[in-house]
Amino acid sequence: ALALSACNGNPVAIPSSPATIADTTKIDELAALSAETLYATASTMGNSLSRAGVIDRPRFQALDAEAYRYLEVTRAAYKTGNSQSFAEALGNLNATVGKIKGLVK
């Protein structure tokens, strides 16, 4: 398409950097916000349930720490614009929150 557009006289604006492209999208911001909400909800729920004795507290604390590490990786990948590590961290965060949910019998 780029080569053809040059032939028909219509100039094509080529982004100067990946950040320029990322600045025009909103999906990464929504995913980052969702990750923050996902972690906060799972952590709050798990803390409440572990204090009530409904779920195993040490197991929850280990999973909560793991989920927080993945949240930090998600934050770092978002800041650097690394889509591969961002997607991987989001997947790991989701899987760990699933394990937290699985503590409830």
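Two residues are in contact when heavy atoms of theirs lie within 4.5 Å. With that in mind, welcome to this predicted model.

**The chain as a whole**

The protein chain has 5 helices and 0 strands, and along the sequence the pattern reads α-α-α-α-α. Among the 105 residues of the protein chain, 25% are buried. Its accessible surface is about 7000 Å², with 61% of that belonging to carbon and sulfur atoms. Of the contacts with a separation of 6 or more, 60% join residues 24 or more positions apart.

**The nonpolar core**

The largest nonpolar core holds 16 residues, and Leu93 and Ile100 touch the most other members. Three helices, H3 (27–51), H4 and H5 (83–102), each supply at least two residues of this core.

**Two residues to look at**

You can find threonine 74 in helix H4, which covers residues 57–80. Threonine 74 counts as buried because its relative accessibility is 2%, and the cut-off for buried is under 20%. What lies 2.8 Å from a polar atom of the side chain of threonine 74? The backbone oxygen of tyrosine 70 does.

Methods:
Residues numbered from 1 in each chain as written. Predicted model: local features only at pLDDT ≥ 70, side-chain atom pairs only at ≥ 80, totals over all residues. Heavy atoms only, no water. Helix = DSSP H or I, 4+ residues; strand = E, 2+ residues; numbered from the N terminus. Buried < 20%, exposed > 50% of the residue type's maximum accessible area, 1.4 Å probe, protein only. Polar contact = N/O pair within 3.5 Å; in protein donor to acceptor, adjacent residues only side chain to side chain. Core = buried A, V, L, I, M, F, W, Y, C linked by side-chain atoms within 4.5 Å. Areas by Shrake-Rupley, 256 points an atom, 1.4 Å probe, with all protein chains shown as cover.
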